[in-house]
Amino acid sequence: MVRGRGARRRHRRVVALSEVDRRRLDSGEIASAEEALHGGDAAPDERDAPAAARGPNDDRLLRDVPPHWGRR
C-alpha cells in the first residue's frame with residue numbers, strides 16, 4: 001500500500017496483562033489494568049533530586065566544569 005504525502009500511520013498502545021494480573025482483575029483484587037501495571041512502582045525518592053551546593057568547594061567544582069560538559 002502506497003501512502004501519499006501527509007498520510008499518517010495510526011499507532012496504538014498495546015497493554016498485555018500477565019495471567020496472574022488477569023486473574024486479579026477478574027476477581028476484583030485490582031480495579032483496572034493500569035493499576036496492575038503501575039501498582040508496584042516505587043515512590044519517588046528525595047535522594048534522586050539534584051543536590052544543592054553546600055560549601056565553597058562545591059561552588060568551585062560547579063563553576064569549573066570541563067568544556068565538553070557544556071554550559072550550565
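Me: This is a predicted model. What makes Glu19 count as partly exposed?
Reply: Its relative accessibility is 44%. Partly exposed lies between under 20% for buried and over 50% for exposed.

Me: Why are Arg22 and Glu19 called a salt bridge?
Reply: Their side chains meet at 3.5 Å, N to O. The cut-off is within 4 Å, for a nitrogen of Arg and a carboxyl oxygen of Glu. The pair at 3.5 Å meets it, so this is a salt bridge.

Me: How are Arg22 and Glu19 placed in helix 1?
Reply: They sit 3 residues apart in helix 1, residues 19-27. That separates them by about one helical turn. Arg22 is partly exposed, with a relative accessible area of 42%.

Me: How do you know that Arg23 and Glu19 form a salt bridge?
Reply: The N to O value is 3.8 Å. The limit is within 4 Å, so the pair qualifies. Arg23 and Glu19 are 4 residues apart in helix 1, about one helical turn.

Me: What makes Arg24 and Glu29 a salt bridge?
Reply: Their side chains meet at 3.3 Å, N to O. That is within 4 Å, so the name applies.

Me: Which residues do shared partners join into one network?
Reply: Glu19, Arg22 and Arg23. The structure holds 4 salt bridges.

Key: Residues numbered from 1 in each chain as written. Predicted model: local features only at pLDDT ≥ 70, side-chain atom pairs only at ≥ 80, totals over all residues. Heavy atoms only, no water. Helix = DSSP H or I, 4+ residues; strand = E, 2+ residues; numbered from the N terminus. Buried < 20%, exposed > 50% of the residue type's maximum accessible area, 1.4 Å probe, protein only.
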